[in-house]
Amino acid sequence: QVQLVESGGGLVQAGGSLRLSCAASGRTFSSSAMAWFREAPGKGRECLAAISWNGGRTYYADSVKGRFTISRDNAKNTVYLQMNSLKSEDTAVYYCAASRHTYSTMPYARHSEYADWGQGTQVTVSS
């Protein structure tokens, strides 16, 4: 099991940037694929970006491709989401998640592939 704590959310103007961090504890972090999801009011939870256990492969949703970058530092047990050129439609609660699979090279994009979730951090983009 992996315990996850997100930070870095807040209020930013459209066009601005934020970097989210997700600190993990637990013995399987470094061997698990990780992902960032978000959930806006009235919408389902959307996978934005995912990264394989060793960082070798990544996935991005079309809505954030070219603007967001996922990365991880296994030595620090942390995964990051750099968000640039933010838009009002990026306003949501952002969650990080750890996959139930270990040592897989797949950056899973499906909600069902993730077993452990953080509590979420609010990102609000003002227009």
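**Close-up views of a predicted model**

**View 1. Salt bridges in the predicted model.** The structure holds six salt bridges. A salt bridge here is a side-chain nitrogen of Lys or Arg within 4 Å of a carboxyl oxygen of Asp or Glu. Side chains of opposite charge can pair when their charged atoms come close. The model is predicted: local features need pLDDT of at least 70, side-chain atom pairs count only at pLDDT 80 or more, and totals for chains, interfaces and linings use all residues. Residues are numbered from 1 along each chain as its sequence is written, and side-chain values use heavy atoms, with hydrogens and water left out.

**View 2. A network of Arg38, Glu46, Arg67 and Asp90.** Salt bridges link these four residues, Arg38, Glu46, Arg67 and Asp90, in a network. Glu46 meets Arg38 side chain to side chain at 3.1 Å, N to O. Arg38 is buried, at a relative accessible area of 8%; Glu46 is partly exposed, at 28%. Buried means under 20% relative accessible area, exposed means over 50%, and partly exposed lies in between (1.4 Å probe, protein chains only). Asp90 and Arg67 form a salt bridge at 2.8 Å, N to O. That pair links distant parts of the chain, 23 residues apart. Asp90 sits in the loop between β8 (78-83) and β9 (92-102), and Arg67 in the loop between β6 (58-60) and β7 (68-73). Strands are DSSP runs (E, at least two residues), numbered from the N terminus. Asp90 is buried at 0% relative accessibility. Arg67 is buried too, with a relative accessible area of 11%.

**View 3. The Glu39 and Arg45 pair.** The side chains of Glu39 and Arg45 form a salt bridge, with N to O at 2.9 Å. Glu39 is partly exposed at 29% relative accessibility. Arg45 is partly exposed, at 30% relative accessible area.

**View 4. An open sheet of four strands.** The strand order is β1-β3-β8-β7, with antiparallel pairing. Two strands pair if DSSP finds at least two bridges between them. β1 (3-7) and β7 stand at the edges with a single partner strand each, so one side of each lacks a neighbour in the sheet. From one strand to the next, the twist averages 15°. Axes for such angles are lines fitted to C-alpha atoms (for helices, over the stretch in contact), and angles run from 0 to 180 degrees between N-to-C directions. β1 pairs with β3 (residues 18-25) in the antiparallel sense over five bridges. Val5 stands opposite Ala23 in β3.

**View 5. Surroundings of His101.** His101 lies in strand β9. It is partly exposed, at 28% relative accessibility. Not counting residues up to four places away in sequence, His101 touches Ser31, Ser32, Ala33, Tyr108 and Glu113. Contact means heavy atoms within 4.5 Å. A polar contact of 2.5 Å joins the side chains of His101 and Glu113. A polar contact is a pair of N or O atoms within 3.5 Å; within protein, one must be able to donate a hydrogen and the other to accept it, and residues adjacent in sequence count only if both atoms are side-chain atoms. His101 and Glu89 are twelve residues apart in sequence, yet 31 Å apart in space, C-alpha to C-alpha.

**View 6. Ser127 after β11.** Ser127 falls in the segment after β11 (121-126). Ser127 is exposed, with a relative accessible area of 88%. Leaving aside neighbours within four places in sequence, Ser127 is in contact with Ala14 and Ser88. Lys87 is 40 residues from Ser127 in sequence and 7.4 Å away in space, C-alpha to C-alpha.
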